[in-house]
Amino acid sequence: MSNRPRVLPSLLTTLLSAVLVAQIASCGLDTNGSLAPEDTKACVVNANCDDQNPCTVDVCGNDGTCVLVPLEDGPLPGQTAGDCQRSDCVAGVLTTTNDDADIDDDGESCTDDACAMGAPVHTPAQNGTSCLFGTAQGTCKGGACAVECSAQNPCDDGNPCTEDACNAGAGLCMFTDLDGLPTPGYVPVAGDCSQHICVAGEDTAVADDTDVPVDMNTCTLDVCTMGAPTNPPVTTGEPCEPGKPEVCDGASNCVACNEPADCVHLPPDDVCQKRTCENHVCVQTFAPDGTMFDGQTAGDCMRVVCDGAGATKEIVDDTDLPNDDNACTKNVCTNGTPTFPNEAIDTACGAGLYCDGGGKCVGCNEAAQCEGTDDFCKVRTCIDNQCGWSYTPEGTDLPDGQMALDCKVIECDGQGDIVTSTDTTDKPVDGNDCTDDVCSQAGVPSNPNLPVNAACNQNGGTVCNGAGACKKAPAQTCGGAVECLSGHCVDGVCCNAACSGTCMACDVAGSVGTCANVPVATEDAPTCTGTNACDGAGTCKRDSGQPCAGAVDCVSGFCADGVCCNSACDAACFACDLMGSVGTCAPLVSAEDTNPTNVCAGTRFCDATGTCKAKDGGACGTSGDCLSGHCVDGVCCDTDCTDTCKSCNLAGSAGVCSFVADGQDDTGTCAGANQSCDGAGVCKKVAGELCAGAAECLSEFCVDGVCCETVCVGMCEACSAAKTGGANGVCSPIPLGGNPDAECPFESACNGAMACAYAIGEGCAFDSSCLSGHCVDGVCCDTACDGTCQTCNLPGSAGICMNVPAGQDDAATCAGANQSCDGAGACKKENAAACGGDAECLSGHCVDGVCCDDACAGTCEACSAAKKGSGVDGVCEPVALGADPDMECTTPGTCDGAGMCIGEACMDGTDCATGNCADGFCCATACADDCFSCGLSGMEGQCMPVPAGTTDGTCVAADLEVCDGAGVCLGDAGFACNGNEECFSNDCVNNVCAP
């Protein structure tokens with residue numbers, strides 16, 4: 001079906017812009033004819049105003065509100081061709097009306113194209129009506145043109161962009177549109193920027209911007225622009241050929257130059273020579289003889305000038321004086337030769353500098369020329385023409401102006417200066433033992449006091465007091481405080497403190513001169529005597545045996561039982577207030593000790609030796625902890641309690657030897673993983689232990705030779721691991737298939753659920769009859785075996801669920817004429833059955849919509865009779881000669897009836913159904929013409945012109961010949977010619993083809 005060309009959106013934009021221009025002038029919006037104000041809204045740009053109505057032009061006015069300008073009444077630009085309708089704008093509103101003239105042509109000659117009530121109608125022509133499919137004559141059938149064919153009447157619709165084939169089975173031609181391939185038979189025109197390809201079965205010229213027009217001019221470009229060939233000039237100044245000096249002039253010509261800079265083969269410009277470009281020719285101009293050159297050497301007594309021929313030369317210039325930068329030489333030119341004679345001696349050569357007469361500038365020739373004044377510490381010198389000084393050695397005292405005992409000295413500093421320095425030997429001596437005679441580092445004299453306790457020997461004293469006086473040290477005898485350094489004279493000696501407190505003295509042995517505590521238990525008259533004494537820490541306290549309220553009251557530091565005691569006396573069963581030993585800690589005998597806070601009372605009691613011990617039931621570690629002398633199970637016991645399954649720490653009877661409860665262990669006589677007490681003083685075996693009778697077992701049940709937790713006498717039950725596979729002593733079902741006690745008759749065994757059943761493979765009628773719980777196909781089966789293509793009674797494997805062998809039926813899940821089991825548990829279709837994929841087929845191959853005996857992946861092979869053109873479905877065979885139902889062969893190739901394509905590789909004509917083997921490929925024609933090939937890449941099997949510029953057959957490079965890309969052999973560069981048409985370049989110059 002062909003349609004009228006659709007108008008592009010850009011056309012609509014153009015038309016809308018035209019309307020807008022008609023409405024708007026000088027940037028002011030004319031709102032006459034615009035829609036009602038209520039249809040406007042605020043805006044910034046035109047896009048804010050889009051109302052989705054193609055019949056209005058939507059703009060943003062200068063006032064920031066939208067203006068909707070209606071299009072003129074009439075057809076809407078951009079109609080949809082062939083839809084039997086017309087869209088119009090009426091007062092800015094889109095309306096649609098039926099248009100019976102807007103007919104849709106479906107391109108089929110066997111239909112009558114019309115419009116009916118605004119919809120396209122394609123009425124089929126009467127069957128048998130004559131028609132044309134391209135140039136092929138046919139008849140109408142069902143609204144389509146059908147063309148009959150046979151071996152004598154091949155198909156040809158005259159259209160190179162269709163693939164023409166005869167469906168031998170139906171006797172009708174098939175015309176298949178080619179798409180995207182070069183148009184067969186079309187001879188390309190080199191350099192026309194286009195190519196012809198098939199588009200939906202039509203020969204279509206499309207732009208090919210790679211097929212550029214080559215004009216053999218290096219100063220033009222070979223360009224294709226959207227299919228239009230041009231040869232625009234290259235940019236001015238581009239080289240005509242790489243490595244050569246010539247350049248393009250921007251007008252397609254190759255010239256020597258466009259500007260002086262192009263004349264690169266001439267010497268570069270300088271003062272004496274210049275390059276110029278005159279009429280695209282390079283020339284050179286020279287400066288006059290004697291012209292000053294710009295590259296002079298200053299001070300060489302010479303001048304460089306041009307020689308008038310572009311070169312340079314030197315001439316004498318005695319005004320070009322040299323300069324050696326020496327103030328003690330003269331700068332002279334003599335006939336072009338520079339010289340430097342010396343200046344006279346003592347000639348000034350700088351500030352404070354003089355020439356030495358030998359060309360050198362020096363500081364002096366004698367000392368008087370040097371700056372400065374001589375004195376005691378320095379004298380001027382001139383040595384080796386250098387001014388200097390001779391300095392008096394550092395530390396040399398000046399002979400005059402010195403002052404004694406001031407810690408100072410006037411001297412030379414060794415650098416020529418007179419300085420006042422510190423002299424620490426010049427001290428200010430005052431004759432006091434308790435002061436020092438000092439000169440500071442800065443030379444300041446002083447007599448500072450010596451520190452306290454510095455040694456001295458004046459006025460009977462031995463130490464300085466830090467205030468410049470000599471005093472007596474502590475421990476020296478004294479008659480008053482003024483004599484002592486400390487200011488305290490106590491107990492007849494100088495003391496370090498006033499020492500007036502109770503129990504304090506300054507004459508304590510070993511501490512004379514130091515105020516110290518009176519020794520412990522020593523009285524200090526008159527303040528601490530009688531029942532009191534000093535505690536050695538400076539406090540007066542009570543003697544032992546005296547009443548006290550706390551340890552702080554006692555000289556001993558201990559207050560026990562209300563009296564000062566000789567020790568802490570806080571151990572159990574000891575006291576300090578016993579008759580006859582008050583003040584001395586003594587033991588309590590056969591009594592409780594309630595002080596402090598029942599330390600040995602209640603569950604504890606002092607024994608005959610004064611030791612606190614536990615009563616019966618109290619915690620203990622050894623028998624020695626108990627009054628009874630028996631420590632059992634961690635408590636004090638009434639007896640030694642050593643009998644089997646007896647304990648002294650049972651709950652509710654601690655301290656009394658009693659029987660251990662039933663099922664509990666007695667660590668000493670009955671304990672471990674295999675025994676426990678029975679509550680009556682006997683140790684018995686626990687469940688799981690080996691036994692010979694019930695009397696040995698705690699449970700009172702001996703079953704299967706082990707102590708069992710229950711009586712365990714049910715069907716298919718046991719209590720030993722050997723029979724149940726579980727644990728000894730636990731009554732459990734005998735496992736599936738077991739029958740250790742021969743309880744189950746005939747071929748049956750225990751089923752694991754305390755009942756008897758038949759083994760796998762045995763005959764059955766019900767699931768409950770089988771150990772496996774599955775009765776399948778008349779035998780006990782290992783599984784439910786209810787999957788597709790599964791059975792449980794295959795010969796040799798009765799009772800084992802197996803897949804039905806490949807190719808056999810399964811009556812329940814897979815039976816019939818067109819399906820069988822595949823041997824892997826699936827029901828698949830047999831060959832020739834219709835299919836949608838490989839997985840459906842027993843063969844594993846679904847080809848051409850039927851299950852096939854083979855993958856049938858070869859070229860020109862098929863498995864359906866319809867595609868093969870003969871035979872039966874389900875058998876892979878070659879496609880009939882001349883057919884190509886899957887379009888496997890390169891156009892216009894077809895299958896050869898033997899499983900190959902025309903266009904396949906070949907050795908000779910016998911390999912090909914057409915009998916034509918050309919360029920190594922089966923070809924549709926003999927393809928023997930020069931500059932044609934049947935083996936071009938991507939077009940194998942088609943006889944096509946070889947690409948332009950290549951050679952073929954008798955058109956060879958050795959003969960200066962080359963193909964033109966259209967199947968013609970032309971002369972290459974150097975080939976003898978009589979006209980342009982004989983040359984590949986289309987340029988015959990002097991009877992020779994030009995490049």
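## Salt bridges

In this predicted model, Asp-374 and Arg-380 join their side chains in a salt bridge with an N to O distance of 3.5 Å, where a salt bridge is a side-chain nitrogen of Lys or Arg within 4 Å of a carboxyl oxygen of Asp or Glu. Asp-374 is partly exposed at 39% relative accessibility, and Arg-380 is likewise partly exposed at 24%; here buried means under 20% relative accessible area, exposed means over 50%, and partly exposed lies in between, with a 1.4 Å probe and protein chains only. A further salt bridge is formed by Lys-378 and Asp-375, whose closest N and O atoms are 2.7 Å apart. Of these two residues, Lys-378 is buried, with a relative accessible area of 18%, whereas Asp-375 counts as partly exposed at 34%.

The structure holds 18 salt bridges. One of them pairs Asp-317 with Arg-303, with the closest N and O atoms 3.3 Å apart, and this pair links distant parts of the chain, 14 residues apart: Asp-317 is in the loop between strand E24 (312-316) and strand E25 (332-334), while Arg-303 is in strand E23 (residues 302-306). Strands and helices are DSSP runs numbered from the N terminus, a strand (E) having at least two residues and a helix (H or I) at least four. Asp-317 is buried at 12% relative accessibility, but Arg-303 is partly exposed at 29%. Elsewhere, Asp-848, Lys-867 and Asp-886 are linked in a network of salt bridges.

## The aromatic pair

The structure holds one aromatic pair. It consists of Phe-133 and Phe-175, and because the ring centres are 4.6 Å apart and the planes stand at 15°, the pair is stacked; rings of Phe, Tyr and Trp (its six-membered ring) pair if their centres lie within 6.5 Å, and planes under 30 degrees apart count as stacked, over 60 as edge-to-face and the rest as tilted. The two residues connect distant parts of the chain, with Phe-133 in strand E10 (residues 130-133) and Phe-175 in strand E14 (residues 172-177), 42 residues apart. Phe-133 is partly exposed at 28% relative accessibility, whereas Phe-175 is buried at 16%.

## Surface patches

Asp-177, Asp-179, Glu-202 and Asp-203 form a negative surface patch, and Glu-202 lies in strand E16 (residues 202-207). Patches are made of residues with over 30% relative accessible area and no salt bridge, like charges being joined within 9 Å and nonpolar side chains (Val, Leu, Ile, Met, Phe, Trp, Tyr) within 5 Å.

A nonpolar patch of about 270 Å² is made by Phe-701, Val-711 and Val-713. Phe-701 sits in the loop between strand E55 (683-685) and strand E56 (702-703), and with a relative accessible area of 32% Phe-701 is partly exposed.

## Two cysteines with positive phi

Cys-716 is not a glycine, yet has a positive phi of about 55°; this residue is in the loop between strand E57 (706-707) and strand E58 (717-718) and is buried, with a relative accessible area of 0%. Cys-856 also has a positive phi of about 55° without being a glycine. The place of Cys-856 is the loop between strand E69 (850-851) and strand E70 (861-862), where Cys-856 is buried at 7% relative accessible area.

## Basis of the values

Local features in this predicted model need pLDDT of at least 70 and side-chain atom pairs count only at pLDDT 80 or more, while totals for chains, interfaces and linings use all residues. Residues are numbered from 1 along each chain as its sequence is written, and side-chain values use heavy atoms, with hydrogens and water left out.

Technical notes: Areas by Shrake-Rupley, 256 points an atom, 1.4 Å probe, with all protein chains shown as cover. Lys, Arg positive; Asp, Glu negative; His and termini not counted. Charge placed at Lys NZ, Arg CZ, Asp CG, Glu CD.
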